[in-house]
Amino acid sequence: MLNPAPGLAQAASLLSSAPQQAAAAAVPDLIVIEGFVGETVIGLHESELHHPQPLVIDIHAGLARAHACDTDRIGDTIDYGAVCERLRRLMAEHRLQLLEPFAEAIANIVIREFGAAWVRVEVVKARKYSDVDAVGGQI
């Protein structure tokens, strides 16, 4: 039995792994911040307009591929600490009344300021009502 020429075997190996590499590249890396808790004034009802109330925020952000996997440098991915600090600033400065535009503001920040390809944000008021664990929205 003849062995294929080394160049042909190597090319065949590369071709067979190309779809797997393309599929891996298409799956984004996921950056997760779950259970961030901060206080802000938000709401429509008179009882909500004068005192900060706690919000719980979950963020799932996709990156095409975090280069940090190769470089091990924080500058090549989304810095969790920087995002949390930005959330604290947003909570202090915003003037929104509804959770949905607040979640949208977070999504825009994570995409525009931190370079995420896509983001899923959930914002809830925990224990807003005595008979409900949480109310909120997801963008």
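Visitor: Which strands each supply at least two residues of the lining of the largest cavity?
Guide: This is a predicted model, in which local features need pLDDT of at least 70, side-chain atom pairs count only at pLDDT 80 or more, and totals for chains, interfaces and linings use all residues. Residues are numbered from 1 along each chain as its sequence is written, and side-chain values use heavy atoms, with hydrogens and water left out. On a 1 Å grid over the protein atoms alone, a cavity is a set of points where a 1.4 Å probe fits but cannot get out, a pocket is an open set with protein on both sides within 12 Å along at least five of seven lines, and lining residues have an atom within 4 Å of a point. With strands taken as DSSP runs (E, at least two residues) and helices likewise (H or I, at least four), numbered from the N terminus, those supplying at least two residues each are S1 (29-40) and S2 (53-63).

Visitor: What is the volume of the largest cavity?
Guide: The lining of this cavity consists of Ile31, Ile33, Ile59, Ala61, Ile78, Val83 and Val110, and it divides into seven nonpolar, no polar and no charged residues. Its volume, the space filled by probe spheres set on grid points joined across faces, edges and corners, is about 40 Å³.

Visitor: Which element gives the largest share of the lining of the largest pocket?
Guide: The largest pocket has a volume of about 200 Å³, and of its 14 lining residues the closest to the centre are Gly43, Glu48, Leu98, Leu99 and Lys125. Helix H4 (99-112) and strand S4 (134-138) each supply at least two lining residues, and the largest share, three residues, comes from S4.

How values were computed:
Nonpolar A, V, L, I, M, F, W, Y, C, P; charged D, E, K, R; others polar.
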